[in-house]
Amino acid sequence: MQKIAKFIRVSKENFASAMLEEFGVQNAEVDEVNLPKRATTGSAGYDFYSPASFTLAPGETVKVPTGIRANIENGWVLMIFPRSGLGFKYRLQLDNTVGVIDSDYFGAKNEGHIFVKITNDGKKGKILTVNKGEAFCQGVFLPFGITEDDAAEGVREGGFGSTTK
């Protein structure tokens with residue numbers, strides 16, 4: 001296997017601000033956030049762990065600040081998906097379908113902090129509860145190519161649609 005990335009926690013200030021805004025949690029400690037990891041040697045996905053407990057009834061959405069950033073080699077991308085079991089049992093879905101974490105997002109103004117916005121899209125009334133420290137989504141690194149006539153020269157400053165502004 002080729003080693004092409006490293007997970008790093010965002011700064012204490014960045015994480016504390018995000019947790020206050022999204023969960024109302026004061027004085028959140030990024031040092032308590034588990035770095036993503038694979039469960040088995042054959043796993044493609046790195047599990048991301050929730051920094052806080054949350055409950056989602058069908059139709060409800062939450063934006064989770066993971067406290068994580070990824071330093072990714074050029075030519076690779078990190079794709080974020082719901083954990084398979086949660087998608088199967090609750091129709092847990094990312095609001096942008098698949099999260100795309102580009103290698104240059106690491107240098108964004110928000111430190112490349114990976115947020116995951118998810119919705120319980122279940123139709124059977126099942127309420128999803130994710131406890132602090134439980135895996136709720138997974139990231140898979142994939143190589144990508146560019147066209148022969150590619151002329152991209154832009155420099156990323158932010159995230160979530162910032163490259164089209």
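Start with the lining of the largest pocket, whose residues divide into 11 nonpolar, 4 polar and 3 charged; here Ala, Val, Leu, Ile, Met, Phe, Trp, Tyr, Cys and Pro count as nonpolar, Asp, Glu, Lys and Arg as charged, and the others, Gly among them, as polar. The model is a predicted one, in which local features need pLDDT of at least 70 and side-chain atom pairs count only at pLDDT 80 or more, while totals for chains, interfaces and linings use all residues. Residues are numbered from 1 along each chain as its sequence is written, and side-chain values use heavy atoms, with hydrogens and water left out.

Of the 18 residues that line this pocket, select Met 1, Gln 2, Arg 38, Tyr 46 and Phe 141, which lie nearest its centre. A pocket, on a 1 Å grid over the protein atoms alone, is an open set of points where a 1.4 Å probe fits, with protein on both sides within 12 Å along at least five of seven lines, and lining residues have an atom within 4 Å of a point. The space in the largest pocket is about 500 Å³, the volume being that filled by probe spheres set on the points, which are joined across faces, edges and corners. Strands β1 (5–9) and β11 each supply at least two residues of the lining, and the largest share, 3 residues, comes from β1. Strands (E, at least two residues) and helices (H or I, at least four) are DSSP runs, numbered from the N terminus.

Keep Tyr 46 and Phe 141 selected and turn to their rings. The structure holds 6 aromatic pairs, a pair being two rings of Phe, Tyr or Trp (its six-membered ring) with centres within 6.5 Å, called stacked if the planes are under 30 degrees apart, edge-to-face if over 60, and tilted otherwise. The ring centres of Tyr 46 and Phe 141 are 5.8 Å apart and their planes stand at 75 degrees, so this pair is edge-to-face. Because Tyr 46 lies in strand β2 (residues 46–49) and Phe 141 in strand β11 (residues 135–143), the pair ties together parts that are 95 residues apart in sequence. Tyr 46 is partly exposed at 24% relative accessibility, whereas Phe 141 is buried at 16%; buried means under 20% relative accessible area, exposed over 50%, and partly exposed in between (1.4 Å probe, protein chains only).

The charged end of Lys 63 sits over the ring of Phe 115, 5.3 Å from its centre, and Arg 69 lies over the face of Phe 106, at 3.7 Å from the ring centre.

Now select Ile 101 in strand β8 (residues 99–102), a residue that is buried at 9% relative accessibility. Beyond its neighbours within four places in sequence, Ile 101 is in contact (heavy atoms within 4.5 Å) with Ile 72, Val 77, Leu 78, Ile 80 and Ile 114. From here, go to Lys 124, which is 23 residues from Ile 101 in sequence and 32 Å from it in space, C-alpha to C-alpha. Lys 124 lies in the loop between β9 (115–120) and β10 (128–130) and is exposed, with a relative accessible area of 75%.

Not counting residues up to four places away in sequence, Leu 92 touches several residues, among them Leu 56, Pro 82, Ile 118, Leu 128 and Phe 136. Arg 91, in the loop between α2 (84–90) and β7 (92–94), has a positive phi of about 55 degrees although it is not a glycine, and it is partly exposed at 38% relative accessibility.

Finish at Asn 27, in the loop between α1 (12–23) and β2, where phi is near 60 degrees, a positive value in a residue other than glycine. Asn 27 is exposed, with a relative accessible area of 67%.

Conventions: A charge sits over a ring if NZ of Lys or CZ of Arg is within 6 Å of the ring centre and within 35 degrees of the ring normal.
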